[in-house]
Amino acid sequence: ELGKRAPRWIRDNEVTMCMKCKEPFNALTRRRHHCRACGHVVCWKCSDYKAHLEYDGNKLNKVCKDCYHVIIGCTDSEEKKRKGILEIESAEVSGNSVICSFLQYMEKSKPWQKAWCVIPKQEALVLYMYGAPQDVKALATIPLLGYTVDDTPKGADLPHSFKLTQSKSVHSFAADNEELKQKWLKVIHLAVKGETPECQNELQVN
């Protein structure tokens, strides 16, 4: 029935957080929006989708991500093509992260480059890479689950390096010092097994 008949709208005062991403609402940064398909109250990020709804004369309406996928019948691979997947502000995830710092990064035979790396608390199994701490869009993301960790790679150009490999994907990282490297490895060793840190203490590096 999704999109075929008008939903029952959840009232604004019935929720204190987005019903999709669970982020709390506040007057400044997270206004309430309604998904026109399911009636749930969601934040602006989770309502940044549009679909034709039959009950409204097939007009384009704002819908949440879940309803968008159902109505459009879009697969995961198609969803990844949407530019929104990397458009998460660095400052937002860095301020609520398991760990974040600059690391040197190398992929395949490309030269080393400096990247601001973040593992957010909300997605403790994904590593986000930014060009700088205030960037509004990530350069890349690495879903860590299933990767093999090599903490003493041979022939590494830089000291304090470690490597992540999965099939043909190889990602090399290097920290500024051994202490920082061990902090990253502690989190990554859990993430590759699908686990998250027991305590949510921030290992934040200024």
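This is a predicted model: local features need pLDDT of at least 70, side-chain atom pairs count only at pLDDT 80 or more; totals for chains, interfaces and linings use all residues.
The protein has 206 residues, and buried residues make up 37% of them. Its secondary structure consists of four helices and 11 strands. Some contacts join residues at least 6 apart in sequence, and 47% of these join residues at least 24 apart.

The cysteines come next. A disulfide is a covalent bond between the sulfur atoms of two cysteines. To be counted here, a pair of cysteine sulfur atoms must lie within 2.5 Å. By this rule there are zero disulfides in the model. Cys38 is in no disulfide, and the nearest cysteine sulfur to its own, that of Cys35, is 3.6 Å away. For Cys100, the closest cysteine sulfur belongs to Cys117; the distance is 9.9 Å, so the two are too far apart for a bond. Cys100 also counts as buried, because its relative accessibility is 1% and the cut-off for buried is under 20%.

The serine is Ser172, which is part of strand E11, the run of residues 169-174. Is Ser172 buried or exposed? With a relative accessibility of 8%, Ser172 counts as buried. Which residues does Ser172 touch, leaving aside those up to four places away in sequence? They are Gln104, Tyr105, Met106, Trp112, Phe162 and Lys163.

Terms used:
Residues are numbered from 1 along each chain as its sequence is written. Side-chain values use heavy atoms; hydrogens and water are left out. Helices (H or I, at least four residues) and strands (E, at least two) are DSSP runs, numbered from the N terminus. Buried means under 20% relative accessible area, exposed over 50%, partly exposed in between (1.4 Å probe, protein chains only). Contact means heavy atoms within 4.5 Å.
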